[in-house]
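Thanks for making time this morning. I would like to walk you through two places in this structure, one after the other, so please have the sequence and the view open as I speak.

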Amino acid sequence: MLRTVVLLACALLLTSNAAAFVPHPHHRQAATGVARGHADIDSRMYNFFDNIGSMISNFGKKATASHILIGPKTMNQDDARKKLTEIKAAVVDDPVKFAKYASEFSTCPSAKNGGDLGSFGPGMMVKNFDRVCFEEEVGVVHGPVSTQFGEHLIYIADRTGESD
């Protein structure tokens, strides 16, 4: 049974939209002598191994979340965390305010949708992001959370498949 679950999870990961937040190798700039950052690493393989535990323990669950991302090319980590802390205080767990701030401050393409990422299963996001979405309280803004893509605030709108 466990083997079937793992094989199913592998198939879902490989055929899903999990690469939505993974940089594409064709988007890299020509060799400029600049060291590559974490966001330049193709993390799909590492994401699978980092999240295999989450995929098993959260099997059958779906999370619906929005986020505000401040990428490393926008401002340094300390300034980004400070800005996100200010935004979190202003939002006070209000999804409408969160969407407004996401549209204004997020550097992710999801900003045009108020930071909405839609619904996704365990293992489809990078480890720290996935952990928050499947282990933390629903209806609350969490963060700042660090990933290789930058600093995030995460609003978990819904989670299905919870055991009562």
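This is a predicted model: local features need pLDDT of at least 70, side-chain atom pairs count only at pLDDT 80 or more; totals for chains, interfaces and linings use all residues.

Is Ser-106 buried or exposed? With a relative accessible area of 11%, Ser-106 counts as buried, because the cut-off for that word is under 20%. If we set aside its neighbours within four places in sequence, Ser-106 is in contact with His-67, Ile-68, Leu-69, Tyr-101 and Ala-111.

Now let me turn to helix H3, which runs over residues 77–91 and spans 21 Å from its first C-alpha to its last, close to the 21 Å expected for its 15 residues at 1.5 Å a residue. Which residues of H3 are buried? They are Ala-80, Leu-84, Ile-87 and Val-91, and because they cover an arc of only 60 degrees around the axis, they sit on the same side of H3. These buried residues pack against strand S1 (62–70), helix H4 (95–105), and strands S3 (141–147) and S4 (150–160), whereas on the other side of H3 the residues Asp-78, Lys-82 and Ala-89 are exposed.

Finally, the two ends: at the start of H3, a side-chain oxygen of Asn-76 comes to within 3.1 Å of the backbone nitrogen of Asp-78, and just after H3, Val-92 takes a positive phi of about 50 degrees.

Note on methods. Residues are numbered from 1 along each chain as its sequence is written. Side-chain values use heavy atoms; hydrogens and water are left out. Helices (H or I, at least four residues) and strands (E, at least two) are DSSP runs, numbered from the N terminus. The expected span of a helix is 1.5 Å times one less than its number of residues. Buried means under 20% relative accessible area, exposed over 50%, partly exposed in between (1.4 Å probe, protein chains only). The arc is that of the directions from the helix axis to the C-beta atoms. Contact means heavy atoms within 4.5 Å. A polar contact is a pair of N or O atoms within 3.5 Å; within protein, one must be able to donate a hydrogen and the other to accept it, and residues adjacent in sequence count only if both atoms are side-chain atoms.
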